[in-house]
Number of protein chains: 2
Amino acid sequence: MELQNHNDDVARLDYDIEHIHQLANRLLPFYSQITQDNTLPENPLLNAQLQMLIGILHELHPADVAAVLENLPPKERVLVWKVAIPEEDGDVLLEVSDSVRESLIESMNTEELVAAVEDMDSDDLADLAEVLPENVVAEVLKDRDEEERAEFQAALSYADDQVGAVMDFEIVSIRADVSCEVVLRYLRRFDSLPNHTDKIFVVDEHDVLQGVLPIRKLLIADPDEEVANVMARDVVKFRPEDDVAEAAQAFERYDLVTAPVVDENKKLIGRLTVDEMVDVIREESETDMLNMAGLNEEEDLFAPVWDSVKNRWVWLAVNLVTAFVASRVIGAFESSIAQIVALAALMPIVAGIGGNSGNQTITMIVRAMANAQISTTQAMRLLKKELGVALVNGALWGSVMGVISWLLYGNLGIGLVMVAAMTLNLLLAALLGVLIPVTMDKLGRDPALGSSVLITAVTDSGGFLIFLGLATLFLL
Amino acid sequence: MELQNHNDDVARLDYDIEHIHQLANRLLPFYSQITQDNTLPENPLLNAQLQMLIGILHELHPADVAAVLENLPPKERVLVWKVAIPEEDGDVLLEVSDSVRESLIESMNTEELVAAVEDMDSDDLADLAEVLPENVVAEVLKDRDEEERAEFQAALSYADDQVGAVMDFEIVSIRADVSCEVVLRYLRRFDSLPNHTDKIFVVDEHDVLQGVLPIRKLLIADPDEEVANVMARDVVKFRPEDDVAEAAQAFERYDLVTAPVVDENKKLIGRLTVDEMVDVIREESETDMLNMAGLNEEEDLFAPVWDSVKNRWVWLAVNLVTAFVASRVIGAFESSIAQIVALAALMPIVAGIGGNSGNQTITMIVRAMANAQISTTQAMRLLKKELGVALVNGALWGSVMGVISWLLYGNLGIGLVMVAAMTLNLLLAALLGVLIPVTMDKLGRDPALGSSVLITAVTDSGGFLIFLGLATLFLL
């Protein structure tokens with residue numbers, strides 16, 4: 001890896017992706033030959049291109065190879081994957097998104113898969129276990145010792161959103177009654193220390209956590225000082241059953257780099273590292289965004305059309321049902337519309353501003369909920385405030401549209417109905433914009449889930465009902 | 001700080017917030033007395049409550065005090081702030097969001113502000129400089145030495161989204177030609193090492209960066225080994241002008257804890273730490289989410305109604321204009337609607353499914369763009385794929401709604417127009433769902449900005465035009 005300067009590096013990665021893309025495109029006609037036999041027709045130009053592709057890939061960090069693969073369409077992706085560096089295959093598999101990972105694993109045979117994952121830490125292997133063929137996992141586990149197999153099973157036994165699923169087992173631990181000098185000598189015996197080691201865990205003879213010795217303190221401590229006098233005893237620690245999103249929040253809040261994971265007897269069983277937590281934070285925010293828009297899950301950008309249809313159909317169907325309800329609301333007022341056709345033209349304005357304003361409210365609340373709980377008292381306060389905002393906006397924008405409608409249709413009544421309907425629909429949007437996510441949360445559901453679709457449903461049907469209802473009452 | 005177990009801790013924080021909220025509420029009648037003179041009427045119960053409030057606050061980590069303040073309404077917030085621990089005031093100010101920070105600073109007098117920020121690092125002081133009164137900044141800078149004032153000015157000279165604005169100056173650097181033993185002895189002379197120190201920067205006599213010495217390597221290295229033989233020379237480094245979001249992506253991609261910042265001559269001038277980058281990642285995702293919904297910026301959850309109105313009015317106004325355009329589109333077809341009133345009831349279905357589907361597409365693309373650039377070739381591919389998805393969904397859901405409309409109104413023509421209009425509007429949604437963010441990006445604008453409002457505008461007006469146009473052509 002040659003990262004001379006980050007600026008160059010970012011530009012270079014874009015350039016590399018484009019370059020890899022072009023090379024892969026040119027080699028695509030020989031896809032089956034390259035991916036199956038790793039050979040090419042005797043053609044100097046083609047072979048030079050293949051060598052160049054391999055050359056670029058060799059210079060990239062596994063995380064960059066992963067980024068390249070994410071940004072390639074399926075066939076090019078497999079072609080590039082097949083010529084990528086075999087010894088880094090495992091690292092790349094760990095970095096790519098779930099959907100891309102599946103497509104890569106599908107393209108590999110048993111032998112290649114075993115080679116890619118056989119040197120992996122047991123926690124990483126567990127991450128891949130559910131997408132790997134069973135015989136590959138069995139083959140790799142065969143060569144592991146008892147302890148590693150136990151770690152693998154432990155990691156497997158937790159749900160994806162639990163701390164146990166993301167912890168690793170690369171623990172360096174010491175006793176409290178030794179001197180710092182002894183610790184330094186002990187560390188020197190390691191071939192390498194685990195990534196992100198910013199603290200040594202201090203345990204008793206039963207592996208029960210006593211505290212942590214930050215490396216920052218170890219380095220400046222008097223060598224003769226006992227660990228017990230240097231270590232921190234108040235430790236942010238986690239249980240494997242803890243929610244991983246809450247752990248990530250704790251990392252963010254307390255600026256942690258690593259933290260111990262302990263079992264119910266406070267026995268040290270693993271650790272969390274900030275790089276995993278950063279991924280969790282990124283994924284949480286993205287999931288909220290996707291969920292609000294009614295996308296079921298992370299979708300491969302270049303997924304086949306049919307996969308995308310399946311990922312999106314649920315919320316489209318929900319939307320269709322709610323749109324049908326709105327349509328029936330209008331249907332109920334067909335005779336009013338027949339008498340004043342202007343109503344048909346004005347009603348989407350009432351529905352639209354309600355939807356927009358409701359989306360603003362619900363986004364605010366969902367975002368706030370991602371960072372902290374909202375208590376009932378607070379929900380009431382928020383509701384009051386949002387209703388206030390709705391009232392001001394209703395009076396303001398309602399009046400603007402009221403005057404415009406009055407001038408446009410030369411009918412003061414229509415203008416007044418517009419003001420009233422817009423204000424009422426904004427109030428409805430504020431009410432449901434607070435109540436929908438708060439209720440979802442109380443029911444233990446993700447408050448972001450389809451919230452945008454739901455609030456729009458309410459403000460559409462509600463807006464049509466309010467506007468057409470008022471018009472029927474006062475204008476006919 | 002007493003963090004016995006994270007699980008308890010999270011539950012306790014929720015409990016504390018609720019408890020603080022209740023206490024603050026009860027003390028609220030004496031708001032002016034407490035906030036101005038720090039006194040209370042002679043009432044044992046009230047005084048006990050105040051002591052309890054102070055006691056809880058004293059046990060909390062500054063980041064937790066910040067979380068408590070974020071979750072309190074304005075008046076309670078100031079009351080709690082006034083009784084919070086003065087020596088931690090500065091840390092809390094750095095942790096809270098911009099809007100809350102402003103409200104806290106407003107409640108403090110010059111003396112209190114100086115006390116809160118006088119011990120701050122110069123980069124942190126620069127972060128607060130734009131919201132602090134000038135005389136406070138001047139007062140604090142008076143006691144700083146030349147170097148610190150230069151650091152303060154340097155930090156101030158960069159925009160919020162530049163690396164220079166988030167870097168700090170807590171650098172530990174060494175020369176390459178000394179032994180590891182010497183480095184360890186040198187480190188031992190420090191009173192404390194900077195937070196997150198995972199590597200020592202290696203520089204030459206002109207402070208030009210030569211490499212980095214990871215602490216992990218230093219700890220296991222032979223003490224007699226020269227730093228030059230242990231250090232890493234290929235270093236991910238940044239320039240102060242670099243985009244902070246790209247730096248955060250590099251931290252995520254390469255699993256960094258700290259990284260050096262160098263000037264145009266590769267002279268070491270500062271460092272970035274992962275805790276700042278985690279905040280950047282969180283903020284970036286949140287900004288995308290808020291921008292998509294048409295919220296201008298981070299909004300204090302309990303902001304006064306008027307502040308919220310100001311934060312949201314721009315996109316509501318945009319929405320109103322686009323809704324008005326959609327309304328005029330319908331207005332142009334008033335005679336068609338007068339003849340077939342069913343059109344008024346069906347048209348929102350066409351517009352609605354287009355909006356929903358367009359939002360799904362645009363969310364996908366905005367999310368992908370947050371993680372990497374999308375090249376023109378890729379944009380074309382994405383467009384083709386999204387059009388394919390639209391075609392499938394149009395045929396599928398269009399047929400469903402077509403059949404329902406046919407049965408409902410006993411008119412096959414209406415059913416066929418529904419199928420055609422829904423399919424065409426879904427295609428339009430796919431087209432603009434890709435083109436809007438890609439164009440925004442090409443123009444150097446944030447692709448998320450108001451994207452949800454814009455796509456809905458297109459699918460509303462477009463949907464009405466397509467549906468009513470087709471109906472007028474074929475049904476009248």
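**Close-up views of a predicted two-chain model**

**View 1. Leu184(B) sits in helix H13 of chain B.** Helices here are DSSP runs (H or I, at least four residues) and strands are too (E, at least two), numbered from the N terminus. This is a predicted model, in which local features need pLDDT of at least 70, side-chain atom pairs count only at pLDDT 80 or more, and totals for chains, interfaces and linings use all residues. Residues are numbered from 1 along each chain as its sequence is written, chains are lettered from A and ligands numbered from 1 in the order in which they are written, and side-chain values use heavy atoms, with hydrogens and water left out. Leu184(B) has 7% relative accessibility, so it counts as buried (under 20% relative accessible area; exposed is over 50%, partly exposed in between, with a 1.4 Å probe and protein chains only). Skip residues up to four places away in sequence, and Leu184(B) touches Arg188(A), Leu219(A) and Leu218(B) (contact means heavy atoms within 4.5 Å). Ser336(B) is 152 residues from Leu184(B) in sequence and 86 Å from it in space, C-alpha to C-alpha.

**View 2. Chains A and B are related by a turn of 180°.** Chain B can be laid on chain A with an RMSD of 0.1 Å and a shift of 0.0 Å along the axis. That is how a two-fold axis relates things. The superposition is by least squares on the C-alpha atoms of residues with pLDDT of at least 70 in both copies. Of the interface residues of chain B, 100% are also interface residues in chain A, so the copies meet through the same surface.

**View 3. Three strands of chain B make an open sheet in the order S1-S2-S3.** The pairing is mixed (two strands pair if DSSP finds at least two bridges between them). Strand S1 (173–174) and S3 of chain B stand at the edges with a single partner strand each, so one side of each has no neighbour in the sheet. S1(B) and S2(B) run parallel, joined by two bridges, and Ser173(B) has Phe201(B) as its bridge partner in S2(B).

**View 4. S2(B) and S3(B) form a hairpin with five residues between them.** In the turn, Asp207(B) has a positive phi of about 65°. S3(B) (residues 209–214) is mostly covered, with five of its six residues buried. Asp198(B) is in the loop between H13 (180–188) and S2 of chain B. Leaving aside neighbours within four places in sequence, Asp198(B) is in contact with Pro214(B), Ile215(B), Val257(B) and Thr258(B).

**View 5. H16(B) and H17(B) cross at roughly 115°.** The axes of H16(B) (residues 244–254) and H17(B) (residues 274–292) come within 9 Å. That makes H16(B) roughly perpendicular to H17(B) (65 to 115 degrees; under 35 is roughly parallel, over 145 roughly antiparallel, the rest oblique). Axes are lines fitted to C-alpha atoms, for helices over the stretch in contact, with angles from 0 to 180 degrees between N-to-C directions. Residues making the contact include Phe251(B) of H16(B) and Met277(B) of H17(B).

**View 6. H21(B) and H22(B) pack with their axes 7 Å apart.** H21(B) covers residues 376–409, H22(B) covers residues 412–442, and the angle is about 155°. The two helices are therefore roughly antiparallel to each other.
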